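Open the model in your viewer and keep the selection tool at hand. The stops below say what to select next and what is there.

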Amino acid sequence: MRLKGKVAIVTGATRGIGRAIAVRFGQEGARVAVVGRSEPEGLETVRQIEEAGSEAIFIQADVSDKAQVDAMVQKVLEKWGTIDILVNNAGICPFAEFLDITEELWDRVLDTNLKGYFLCSQAVARVMIEKGVKGRIIAVSSISSEFGGRQQAHYCASKAGINLLIKSMAIALGPYGITCNAVLPGTVETDINRHVLAQPEVRAYWEKRAPLGGIGRPEDIAGPVLFFASDDASWCTGSMLVVDGGTSVFLQ
Ligand code: NAD
Ligand code: RM4
C-alpha cells in the first residue's frame, strides 16, 4: 500500500502500459483518474482497480486539447479535492517512412506526445502548488528518445522533447517540492505495435536484441513508474530510468 490515500491521474490508461500503471497504483491504495479516449476500455480499467480494492473514475479527454485537459483536472478536483501524482502516458506512434510523414501527421504526433505532456503537467502543477502538495509528475518516455528508429522520426523527436521537458520541469518545480522524472521503456507488446511485432523477422530481431529478452509486458513498466511515485524516490528529480531488458546496452 505504498500509495495509500493518494490521488493519481494516469493518462492513456484505457489500455496497454497506462492500464497496467493505473491498476498497479490501485493495488497500492491510490485513487485513480483513468484518462483516455475510449469509454468501454476506460471502464474496464476502472473495474480492475475497483476489483483491487480501490476507487477509480474514467474521464474522457484528448490530452492535446487544453480545454479538455483543464476540464479533466477540474473533474478530479470535484471528485477528490486534490492531486498527488500525474503520470503522463498517453501517446501514439503511427509508423511512417520519413518521406511520407505529412505536416498533419507530424502535428498529430507532436501534439499528443509532447504538447499533451506539457498541458497536463502545467495544469496539474498549478493545482499542486496552490494546494501545497509535494507532488509527483512522471512521464512515460521511451528508449526512442535516445535512439533513432525506422518509421519513427516524428515519434522519436516527440520522445526526445519529453526528456528535456521533464528535466526543465524538474528545475522549475523543485522549489515547490514537486519531482519530475521519466521512465524510458524499451519495446513492450501493446496495441501500439502489435501489427509490427506480428512480422516474424521483426519479432525475432527484438527478442534477440536484449540480454533479458527484448519484448516486455506492460506490467514491467508499472513497477518503475510506481517507484517514482513512491516515498522511496523522494530525492529523485530529472531522472531518466531506462527499462528495456538491456536492449540499449549493446551495439552488436
Ligand atoms: P497503447 O496504444 O496501448 O496505449 C496508448 C494510450 O494512449 C491509449 O489508451 C490511447 O487511447 C491513449 N491516447 C492516445 N492519444 C490520446 C489522446 N490524444 N488523448 C488521450 N489519450 C490518448 O500504447 P502503449 O504501448 O500502452 O503506449 C503508452 C505509452 O508508452 C506511450 O506514450 C508510448 O509512446 C509509450 N511507450 C510504449 C512502448 C511500447 O513498446 N509499447 C515503448 C516505449 C514507450
Ligand atoms: C517504443 C519503441 C518500440 C516501439 C514503440 C511503439 O518507444 O520504439 O520499439 O514499438 O515505441
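Which residue of β6 is the bridge partner of V140? Select V140 and look across to β6: the partner is V183. Keep in mind throughout that this is a predicted model.

**Stop 1**

Select residues 136-140, which form strand β5. Five of the five residues in this strand are buried, so the strand counts as mostly covered, given that buried means under 20% relative accessible area. Now show the side chains. R136, I138 and V140 point one way from β5, while I137 and A139 point the other way, and all are buried. In a regular strand the side chains alternate between the two faces of the sheet.

Select N88 and you will find A139 of β5 opposite. The path from β4 to β5 runs through α4, and this β-α-β crossover is right-handed.

**Stop 2: β1 and its two partners**

Select residues 7-11 for strand β1. Here too the strand is mostly covered, with five of its five residues buried. V7, I9 and T11 point one way from β1, and A8 and V10 the other way.

Another is β2, residues 31-36, joined to β1 in the parallel sense by five bridges. Select T11 and look for V35 of β2, which stands opposite.

**Stop 3: ligand 1**

Select ligand 1 and show the residues around it. There are 29 of them, and T14, R15, N89, Y155 and T190 come nearest. By type, this shell divides into 11 nonpolar, 13 polar and five charged residues. Three helices each supply at least two residues of the shell: α1 (16-27), α4 (103-131) and α5 (153-173).

Now pick out individual contacts. Select T14: a polar atom of its side chain lies 2.6 Å from an oxygen atom of ligand 1. Select D62, where a polar side-chain atom is 2.9 Å from a nitrogen atom of ligand 1. Select Y155, whose side chain has an N or O atom 2.6 Å from an oxygen atom of ligand 1. On its own, ligand 1 has 830 Å² of accessible area, and the protein covers 96% of that.

**Stop 4: ligand 2**

Which residues surround ligand 2? They are C93, F95, S142, S144, Q152, Y155, T187, I192, N193 and W206. The shell holds five nonpolar and five polar residues, and no charged ones.

From Y155, an N or O atom of the side chain is 2.9 Å from an oxygen atom of ligand 2. Q152 has a side-chain N or O atom 3.0 Å from an oxygen atom of ligand 2. At S142, a polar side-chain atom lies 2.3 Å from an oxygen atom of ligand 2. The protein covers 91% of the 290 Å² of accessible area that ligand 2 has on its own.

**Stop 5**

Select T112 in helix α4. Is T112 buried or exposed? T112 is buried, because its relative accessible area is 14% and the cut-off is under 20%. A polar atom of the T112 side chain lies 2.8 Å from the backbone oxygen of R108.

Finish with Q74, which sits in helix α3, residues 66-80. Q74 counts as partly exposed because its relative accessibility is 42%. To place Q74 in the whole model, select A13 as well: the two are 61 residues apart along the chain, and their C-alpha atoms are separated by 18 Å.

How values were computed
Residues are numbered from 1 along each chain as its sequence is written. Chains are lettered from A and ligands numbered from 1 in the order in which they are written. This is a predicted model: local features need pLDDT of at least 70, side-chain atom pairs count only at pLDDT 80 or more; totals for chains, interfaces and linings use all residues. Side-chain values use heavy atoms; hydrogens and water are left out. A residue is near a molecule or strand if one of its heavy atoms lies within 4 Å of it. A polar contact is a pair of N or O atoms within 3.5 Å; within protein, one must be able to donate a hydrogen and the other to accept it, and residues adjacent in sequence count only if both atoms are side-chain atoms. Accessible areas come from the Shrake-Rupley method with a 1.4 Å probe; for residues, only the protein chains shown count as cover. Ala, Val, Leu, Ile, Met, Phe, Trp, Tyr, Cys and Pro count as nonpolar, Asp, Glu, Lys and Arg as charged, and the others, Gly among them, as polar. Helices (H or I, at least four residues) and strands (E, at least two) are DSSP runs, numbered from the N terminus. Buried means under 20% relative accessible area, exposed over 50%, partly exposed in between (1.4 Å probe, protein chains only). Two strands pair if DSSP finds at least two bridges between them. A crossover is right-handed if, with the strands pointing away from the viewer, the path from the first strand over the helix to the second runs clockwise.
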